[in-house]
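Welcome! Here are some exercises on reading a protein model, each with a worked solution. Try each task yourself before you read on.

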Amino acid sequence: MYEPIRTKSVHRMADDAPDTYPHRSREEELDIQLAGHLAALLAVTDELGDTEAGELIARQVARLRGAPPARHAGLSGSPARELHRKAHALAGRALVVAASRADTAAAILAAGRMDAHTAALAGEPTLAAVAAP
């Protein structure tokens, strides 16, 4: 009925050799996630041609990654309205992560970009230039 196990298990216990692979802290994971969202926002911002906002975003990405970001080289050919929607969504994701890691500078930047893209979608060009310090 019962056959005893004759070979050593191939599974590892959770407490076996905890230093055998690298671990990242929650803060490091959030930094990586925030930098990714901001880099994606930078690509869309560059495609929209907003150089001032692009520079602000690039500074935040460089701060988080420790190196300047790669700038968007290709164009997707998407209409501006679709790009503004995409940028608004990316800025919203960045805002959520920035708030969870208590990064005030990135949160202010992301909120400002959300406002700018909301204004652009509503057809208010004077508010579309909103940028964070």
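**Exercise 1. How are H1 and H3 oriented relative to each other?**

*Solution.* Keep in mind that this is a predicted model.

Step 1: Start with the angle. The axes of H1 (residues 26–48) and H3 (residues 80–100) cross at roughly 160° and come within 9 Å.

Step 2: Apply the cut-off. Angles over 145 degrees count as roughly antiparallel, and H1 and H3 are therefore roughly antiparallel to each other.

Step 3: Look at who makes the contact. H1 contributes residues including Leu30, Leu34, His37, Leu41 and Val44, while H3 contributes, among others, Leu83, Ala87, Leu90, Ala94 and Val97. Sorted by type, the residues of this contact are 15 nonpolar, four polar and four charged.

**Exercise 2. At what angle do H1 and H2 pack, and which residues meet?**

*Solution.* Step 1: Recall what to look for. Two packed helices are described by the angle between their axes and the distance between the axes.

Step 1: Read off both values. For H1 and H2 the angle is about 155°, and the axes are 9 Å apart. That makes H1 roughly antiparallel to H2.

Step 2: Check the handedness. H1 passes H2 in a left-handed crossing.

Step 3: List some partners. On the H1 side, Asp31, Leu38, Leu42 and Thr45 are among the residues that meet H2, whose own set includes Ala53, Ile57, Val61 and Arg65. The residues of this contact divide into eleven nonpolar, four polar and three charged.

**Exercise 3. What span should H2 have, and how far apart are its end C-alpha atoms?**

*Solution.* Step 1: Count residues. H2 covers residues 51–65, which is 15 residues.

Step 1: Work out the expected span. It is 1.5 Å times one less than the number of residues, so H2 should span 21 Å.

Step 2: Compare with the model. The end C-alpha atoms of H2 are 20 Å apart, which agrees.

Step 3: With 19 residues, H4 reaches 27 Å from its first C-alpha to its last, close to the 27 Å expected.

Step 4: See what follows H2. Just after this helix, Gly66 takes a positive phi of about 85°.

**Exercise 4. Which residues of H2 and H4 are buried, and what do they pack against?**

*Solution.* Step 1: Begin with H2. Its buried residues are Ala53, Gly54, Leu56, Ile57, Ala58, Gln60, Val61 and Leu64, and they pack against H1 and H4.

Step 1: Turn to H4 (104–122). The buried residues of H4 include Leu109, Gly112, Arg113, Met114, Ala116 and His117. What covers the buried residues of H4 includes H1, H2 and H3.

**Exercise 5. Is Ala53 buried or exposed?**

*Solution.* Step 1: Locate Ala53, which lies in helix H2.

Step 1: Use the cut-off. Buried means under 20% relative accessible area, so Ala53, at 1% relative accessibility, counts as buried.

Step 2: Find its contacts. Leaving aside neighbours within four places in sequence, Ala53 is in contact with Thr45 and Arg113.

Step 3: Consider distance. Ala53 and Ala116 are 63 residues apart in sequence, and their C-alpha atoms are 9.8 Å apart in space.

Step 4: Widen the view. The chain has four helices and zero strands, and 32% of its 133 residues count as buried.

Methods. Residues numbered from 1 in each chain as written. Predicted model: local features only at pLDDT ≥ 70, side-chain atom pairs only at ≥ 80, totals over all residues. Heavy atoms only, no water. Axes fitted to C-alpha atoms, helices over the stretch in contact; angles between N-to-C directions. Helix = DSSP H or I, 4+ residues; strand = E, 2+ residues; numbered from the N terminus. Parallel < 35°, antiparallel > 145°, perpendicular 65-115°, else oblique. Contact = heavy atoms within 4.5 Å. Nonpolar A, V, L, I, M, F, W, Y, C, P; charged D, E, K, R; others polar. Buried < 20%, exposed > 50% of the residue type's maximum accessible area, 1.4 Å probe, protein only. Left-handed = near helix turned anticlockwise from the far one by under 90°.
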